[in-house]
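Let's take a friendly walk through the structure shown here, one region at a time.

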Amino acid sequence: MAMAEHPELTAQDRAGKAFPVSWDQFHRDCRALTWRLNEVGPFHAVIAITRGGLVPAAIVARELGVPGRAVPPGPFAGDRAGHERALAAALDDCAPALLVLAGFMRILSAEFVARYEGRILNIHPSLLPKYPGLDTHRRVLAARDTEHGATVHFVTADLDAGPLV
């Protein structure tokens with residue numbers, strides 16, 4: 001389903017709205033995404049939120065003039081719900097129209113997904129529906145597939161099963 005067709009994202013939502021970008025170990029993906037969105041508009045990224053350390057995200061965010069913020073899981077060891085509440089608080093500070101997960105590598109709870117229903121995109125490193133979850137590259141090689149790629153999809157409570165963009 002194309003983004004323009006998605007019922008949760010109206011033309012008004014897309015016109016000039018800012019959205020946060022989740023930054024993690026694959027911060028290069030977010031750098032490219034943020035740069036491209038800032039170039040073509042009407043979207044523009046306004047915040048980089050990382051579940052890991054802020055150093056790589058802060059460097060890229062500073063280069064792009066994007067505010068950065070870290071919400072590491074460490075202080076919430078064993079308290080997934082607490083970490084998600086902290087992530088939600090950081091996200092809600094900027095009233096996101098759209099969240100983009102790139103290399104986030106964490107399964108979000110059904111409650112968190114419901115809070116941002118229809119507004120979370122994930123960049124998954126396989127051609128879904130093949131190879132949901134982790135270790136996609138290894139599994140593609142083991143299967144001797146001749147094609148491999150990435151999929152952008154809306155996040156639902158079911159792992160890597162949301163509508164494709």
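This is a predicted model: local features need pLDDT of at least 70, side-chain atom pairs count only at pLDDT 80 or more; totals for chains, interfaces and linings use all residues.

## Ground rules

## A strand covered on both sides

Let's begin with strand S4, residues 99-102, which is covered on both faces. Leu 99 and Leu 101 are buried on one side, and Val 100 and Ala 102 are buried on the other.

S4 pairs with strand S5 (residues 120-124) in the parallel sense, over four bridges. Within that pairing, Leu 101 stands opposite Asn 122 in S5.

## One aromatic pair

How many aromatic pairs does the structure hold? There is one. Its rings belong to Phe 112 and Tyr 116, with centres 5.1 Å apart and planes at 55 degrees, so the pair is tilted.

Both partners are worth checking for accessibility. Phe 112 has 6% relative accessibility and therefore counts as buried. Tyr 116 is buried as well, at a relative accessible area of 1%.

His 153 sits in strand S6, which spans residues 151-154. Is His 153 buried or exposed? With a relative accessibility of 2%, His 153 counts as buried.

The side chain of His 153 makes a polar contact with the side chain of Asp 160, at 3.4 Å. Leaving aside residues up to four places away in sequence, His 153 also touches a number of others, including Ile 120, Leu 121, Asn 122, His 124 and Leu 128. Further along the chain, its contacts include Ala 161, Gly 162, Pro 163, Leu 164 and Val 165.

## Backbone points to look at

Most residues other than glycine have a negative phi, and most peptide bonds are trans.

Leu 128 and Pro 129 are joined by a cis peptide bond, with omega at about 15 degrees. Pro 129 is found in the loop between S5 and helix H6 (136-143). Asp 135 lies in the loop between S5 and H6 too, and its phi is positive, near 60 degrees. Asp 135 is partly exposed, with a relative accessible area of 48%.

Asp 160, the polar partner of His 153, also has a positive phi, of about 50 degrees, although it is not a glycine. Asp 160 is found in the segment after S6 and, at 14% relative accessibility, counts as buried.

Key:
Residues are numbered from 1 along each chain as its sequence is written. Side-chain values use heavy atoms; hydrogens and water are left out. Rings of Phe, Tyr and Trp (its six-membered ring) pair if their centres lie within 6.5 Å; planes under 30 degrees apart count as stacked, over 60 as edge-to-face and the rest as tilted. Buried means under 20% relative accessible area, exposed over 50%, partly exposed in between (1.4 Å probe, protein chains only). Helices (H or I, at least four residues) and strands (E, at least two) are DSSP runs, numbered from the N terminus. Two strands pair if DSSP finds at least two bridges between them. A polar contact is a pair of N or O atoms within 3.5 Å; within protein, one must be able to donate a hydrogen and the other to accept it, and residues adjacent in sequence count only if both atoms are side-chain atoms. Contact means heavy atoms within 4.5 Å.
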